[in-house]
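Let's take a walk through this fold together, starting with its strands and ending with its charged side chains. Keep the model open beside you as you read.

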Amino acid sequence: MVDSQYYLPNDIGISALDCREAFRLLSPQEKMYAHYLSRASWYGGLVVLLQTSPESANIFVLLQRIFRKETPEELEKVAATVGLSSEEYKGAETNCYNIRSSRNLTALVRASQAFQEKPVEMEALWNNSSTLIFSLEDRQKQLGLGDKGITTYFSGNCTLEDAELAQRFLDSKKLSAYNTRLFKRSDGGKVCYEVRLASAVQKVDGEKETSCGTFTFEDKEFIVKRGDYCPLMEKVCFYLQQAEAYAANENQQKMLEQYRHSFNFGSVESHKEGSRFWIKDKGPIVESYIGFIESYRDPFGSRGEFEGFVAVVNKAMSERFTKLVSSAEVLLSELPWPQEFEKDTFLKPDFTSLDVLTFAGSGIPAGINIPNYDDIRQSEGFKNVSLGNVLAVAYATQKEKLTFLKEEDKDLFIKWKGPSFEVQVGLHELLGHGSGKLFVQDHKGKLNFNKDKVINPETGELVSSWYQGSETWDSKFSTIASSYEECRAECVGLYLCLNKEVLRIFGLEGQDAEDVVYINWLSMVRAGLLGLEFYTPESKNWRQAHMQARFVILRVLLEAGEGLVGLKEVVGHDGKPDAQITLDRTKIHTVGKHAIQRFLCKLQVFKSTADVEGGRALYDGYSSVGDSGANNFLRLRETVLLRKEARKMFVQANTKVNGDHVELVEYESSAAGLIRSFTERFQEDADQLEADLLELSKKDTPCWC
């Protein structure tokens, strides 16, 4: 029997991100700026296809070609002629993996108008996609490195040892892994590693080359070269240049210049310089960020997935976050680690609520704390954003679909889930990701702390380890870095939401404030249980950083005992296995707070001191999923899969220039609306774009055979 996690229901929630009013209030110049930044983001977002799996680009092109020729409604009539039921066709619309029979989907593809017009090309596309679409082979059904799954950040023959070796090489060359991929080749028994930098330019002439070339490291040959995703990077640079003409100030202009240089030449240093100008651009009406940002989906945890967003500031909502920033220094002093483990100076960031116009990438978060460059965050600052129109639709819940809660908790959960999540996101982003010091010794041997005085609170002895040279949090903690940091930020949110002053900032007092605290903590422990969906027993791998983090927190609070959290297996009303999770609200401020306090201090100390061994032992221990002890988590995982609800999909608007003004093009909240948004998004140069994607994919196909 196939694990149900590989099927999605046909009734996936689909919601449009509403940004009409926010866009309407923009000036003509701001609309042009937002339009061209959106175009850059969407074209850059296609890089994700080439960072995921070998068949991803082929599937995208296949679906684009089919739906450009026929609307979803027209294709449904074709589906009926080849024997697909209406229910099966709905599955194909939202997720082609859902048609249980490959024969049915094959028949639909071949009956489509796109296939009829170009049968040879479409047959080749289908042949290159179909087997992998339906494959549940261990290495093809999930993301992972080596025998744990598939990833196109690395060639298929790379192992964890290869990734570690490459990281040491990159550190030695002072190169970031953020915009790279690694390909391992063997020539006559001699192993060679190719490190590709994402860039529009493939070769630099008339310049002394320092980054690229052939190098020997630990008796292995490394070749560093530019040009990965070349045609897509060209489009990104083109649209960023168009956006420059509409920049509101010098910081925005310089920011875009540096981004273009980064994407042209594959320079992370230029992107860091652009990020510095971005931080200095305080309170813009149109906010954006673009580049190789989050490393969640790199199995090794060092390479960034391309993403770009464009959004408009919601001034009313932003006032609360501004007040939170003003209180930040006081709140930071309450965190449960010694003062020496906190940043020397808190650089007050922008913290705004935004209505998203464009978010291109593999997913849309509720909030962001960026840039992710440790050296900039530690000494120069960062920005926080809360994505208001995402929050408005992503966490709307129907009572009948609320799983694993007592009936008496459900109404309270629905009432306060939104406000509690707003509080959690604010604390998570600003004071979670924005807190804590890394102890560093730079290339000149200078330390940013006094090693003769600073005591490790976990050992009672002087700090004995720290980051050296070009080592970063990501490069040191690699495979656990993303999830560990999300766990730390979530714990900060839980810990500080107990502060009444924080709750007053969000307009919450008295019983309302207590209810928000209760639902915030209850939501976290429930999310920890739901997180089991993202654990793969066969490889003992977690596939999602945030959900692993929440499971770890659940384990910590269960371990606290004293009846704080209850988790039991029950039989549902339908006679099938079910589970129920409970939280004693009278013990949150005592048992719960103490448990999070102790755990949070450990997380920060291991992070500050670059203690990979201690941090990994702690985090892996709580991340383990077994069938012994008080809770059989492997069996509970099966229950979670049985009752899971698919995550919502978002329909995003497009923009188009009409004469001297920009129009917002909106779509309905349906699978058909989602499809139309994509086919219209790339229609102006569809043939060339698809040819480029297929060529990029084809060129590297042998690397995963």
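Two strands count as paired if DSSP finds at least two bridges between them. With that in mind, look at strand β7 (residues 305-313) in this predicted model. Six bridges join β7 to strand β8 (residues 350-360), and the two run antiparallel. Within this pairing, Val312 stands opposite Asp355 in β8. Strand β7 is also joined to β6, by eight bridges, and these two strands run antiparallel as well. Here you can find Glu287 with Ala311 of β7 as its bridge partner. How much of β7 is covered? Eight of its nine residues are buried, so under the 20% cut-off for relative accessible area.

Now to the aromatic side chains. A search of the whole structure turns up 35 aromatic pairs. In one of them, the rings of Phe169 and Phe222 have centres 4.2 Å apart and planes at 10°, so this pair counts as stacked. Phe169 belongs to helix α10 (residues 160-172) and Phe222 to strand β5 (residues 220-228), so the contact ties together parts that are 53 residues apart in sequence. Phe169 is buried, at 1% relative accessibility, and Phe222 is buried too, at 0%.

A second stacked pair is formed by Tyr229 and Phe292, with 6.2 Å from centre to centre and 20° between the planes. Tyr229 sits in the loop between β5 and α11 (230-244), while Phe292 is in strand β6 (residues 286-294), which puts the partners 63 residues apart. Both Tyr229 and Phe292 are buried.

Ring pairs also build a cluster, made up of Tyr36, Tyr43, Phe60, Phe238, Tyr239, Tyr246 and Phe682. One ring of that cluster, Tyr43, has Lys235 over its face, at 4.9 Å from the ring centre.

Next, turn to helix α27 (residues 686-700). Its 15 residues reach 22 Å from the first C-alpha to the last, close to the expected 21 Å. Which residues of α27 are buried? They are Ala686, Leu689, Glu690, Leu693, Leu694, Leu696, Ser697 and Asp700. Seen down the axis of α27, the buried residues fall within an arc of 160°, so they line one face of the helix.

Finally, the charged side chains form 51 salt bridges. Arg303 and Asp298 make one of them, with their closest N and O atoms 3.5 Å apart, and both residues are buried. Another joins Lys607 and Glu485 at 2.8 Å, N to O. This pair links distant parts of the chain: Lys607 lies in helix α23 (residues 588-608) and Glu485 in helix α19 (residues 473-496), 122 residues apart. Lys607 is buried, with a relative accessible area of 9%, and Glu485 is buried, also with 9%.

In the bridge between Arg504 and Glu509, the closest N and O atoms are 3.2 Å apart. Arg504 is partly exposed at 38%, and Glu509 counts as exposed at 52% relative accessibility. Salt bridges that share partners also join Arg181, Arg185, Glu194, Arg196, Asp228 and Asp700 into one network.

Terms used: Residues are numbered from 1 along each chain as its sequence is written. This is a predicted model: local features need pLDDT of at least 70, side-chain atom pairs count only at pLDDT 80 or more; totals for chains, interfaces and linings use all residues. Side-chain values use heavy atoms; hydrogens and water are left out. Rings of Phe, Tyr and Trp (its six-membered ring) pair if their centres lie within 6.5 Å; planes under 30 degrees apart count as stacked, over 60 as edge-to-face and the rest as tilted. Helices (H or I, at least four residues) and strands (E, at least two) are DSSP runs, numbered from the N terminus. Buried means under 20% relative accessible area, exposed over 50%, partly exposed in between (1.4 Å probe, protein chains only). A charge sits over a ring if NZ of Lys or CZ of Arg is within 6 Å of the ring centre and within 35 degrees of the ring normal. The expected span of a helix is 1.5 Å times one less than its number of residues. The arc is that of the directions from the helix axis to the C-beta atoms. A salt bridge is a side-chain nitrogen of Lys or Arg within 4 Å of a carboxyl oxygen of Asp or Glu.
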